[in-house]
Amino acid sequence: MCVENCYFTTVKQAELRDGICYTIPMDLPLIAILGPTASGKTGYAINLARRINGEIICADSRTVYRGMDVGTAKPTKYEREIVLHWALDLVEPDQRFTLYDFQQYAYSKIAEIRGRGHVPMLVGGTGLYIDSVIYHYGLTKETEFDTARRGKLEQMSVAELVNHATSRQIELPKDTLNKRRLVRAIEQGGVNKKCTQLDDNTVVVGIETDMNKLSVRSRVRSEQMLADGLIDETKQLLAKYGAVEPLRRNAYGVVQKYLNGEITDTDELIDKMTTADRHLVKKQLTWWRSARRAGDIMWRTLDELNNQLRQFDELDGTELLTQIVSEYKKFQNNRATSEK
């Protein structure tokens, strides 16, 4: 059922579940929940999804890889049983998976989830993945590019690539010292065009956490990863795939140093893993707090978000969803007013 002045004014049909008639909105919102590593976003998203009949699309550039389970803190088997999760275990660690691949996968899942009358939720810490979906990046399928041409471009220096692009009136990326982005811009005929405004039915919530608390949580997380078998998992992955790029990042990269003898004991290993997480968190926060996207993110602490769920414990899923969308609309209106 729907409360008075419900955000959803149009319904697709009535569905009978457990003897109760529910209305199904035609245009269910996309709820994006972002936050740095160890911020508690996964647990909160699962609790919210259970209340609003949501399904989670994981926006994490590492959890798309099969076998990389412990080191990426993938949702547990139990968590996946109580809430449907998507974008997990899509490719092998030695297979290429691009931003375009994720975006198109996410678009298809959002449509499927809405088609079931459920709420799509985009949850993760990879800012580029989230932005590509909510801002509709104009991406091109990279696998269609001429590999021979890419090889020639990659042999050029940064200065040569810039000259190559400017002589052909190809728009350059902001970071003209990043060779990979220069090559991609030339291949695509210019930088990707991005929409600067969210769709009206998108809600973006960021989990704000004190850096000291994050460090404590990160250390506990690292200790748990080792207890869950991270070292053995890393050995197995290296034996099967070699030191491929996804295994050189974050926890796996640090564990490789331990296996190579560069780190002498597990206490030092935990320290290094925690430090790597801290560096990652700083990069994540820098991305989200940039001028263009910062104004679209409604930052809340984990305590505030969990308290909201408890405060509205008596509301059904549709009512709670309406409350969340309404709060976000107020946030947007207040921001617009303050910018005048």
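Biologist: How many aromatic pairs does a search of the whole structure find?

Modeller: The search finds 3 aromatic pairs. Rings of Phe, Tyr and Trp (its six-membered ring) pair if their centres lie within 6.5 Å; planes under 30 degrees apart count as stacked, over 60 as edge-to-face and the rest as tilted. F102 and Y129 form a stacked pair, with 4.2 Å centre to centre and 15 degrees between the planes. This pair links distant parts of the chain. F102 is in helix α3 (residues 99-115) and Y129 in helix α4 (residues 127-134), 27 residues apart. Helices (H or I, at least four residues) and strands (E, at least two) are DSSP runs, numbered from the N terminus.

Biologist: What should I know about the model and its numbering?

Modeller: This is a predicted model: local features need pLDDT of at least 70, side-chain atom pairs count only at pLDDT 80 or more, and totals for chains, interfaces and linings use all residues. Residues are numbered from 1 along each chain as its sequence is written, and side-chain values use heavy atoms, with hydrogens and water left out.

Biologist: Are F102 and Y129 buried or exposed?

Modeller: Buried means under 20% relative accessible area, exposed over 50%, partly exposed in between (1.4 Å probe, protein chains only). Both F102 and Y129 are buried.

Biologist: Why is the pair of Y328 and F331 tilted?

Modeller: The ring centres of Y328 and F331 are 5.6 Å apart and the planes are at 35 degrees, so this pair is tilted. Both residues lie in helix α14 (residues 317-339). They are 3 residues apart, about one turn of the helix. An α-helix has 3.6 residues a turn, so residues three or four places apart point the same way. Y328 and F331 are both buried.

Biologist: Which charged residues sit over rings?

Modeller: The test is geometric: NZ of Lys or CZ of Arg must be within 6 Å of the ring centre and within 35 degrees of the ring normal. K109 lies over the face of W86, at 3.9 Å from the ring centre. R289 has its charged end over the ring of W299, 5.7 Å from its centre.

Biologist: Now the sheet. What is the strand order?

Modeller: Strands of a sheet pair through backbone hydrogen bonds, either parallel or antiparallel. Two strands count as paired if DSSP finds at least two bridges between them. Here 6 strands form an open sheet in the order β5-β4-β6-β3-β7-β8, with parallel pairing. Its edge strands are β5 (85-86) and β8 (298-301), each pairing on one side only.

Biologist: Which residues of β6 and β4 lie on each face?

Modeller: In a regular strand the side chains alternate between the two faces of the sheet. In β6 (residues 119-124), 6 of 6 residues are buried. V119, M121 and V123 take one side, with P120, L122 and G124 on the other. In β4, 5 of the 5 residues are buried, so β4 is largely enclosed by the rest of the structure. G54, I56 and C58 point one way from β4, and E55 and I57 the other way.

Biologist: Which side of helix α8 is buried, and what does it pack against?

Modeller: The expected span of a helix is 1.5 Å times one less than its number of residues. Helix α8 (residues 211-227) has 17 residues and reaches 24 Å from its first C-alpha to its last, close to the 24 Å expected. Its buried residues are L214, S218, R221, S222, M225 and L226. These cover an arc of only 135 degrees around the axis, which puts them on the same side of α8. The arc is taken from the directions from the helix axis to the C-beta atoms. The buried residues of α8 pack against α9 (230-241), α10 (250-259) and α11 (266-288), where contact means heavy atoms within 4.5 Å. The face turned away carries the exposed residues N212, K213, V216 and A227.
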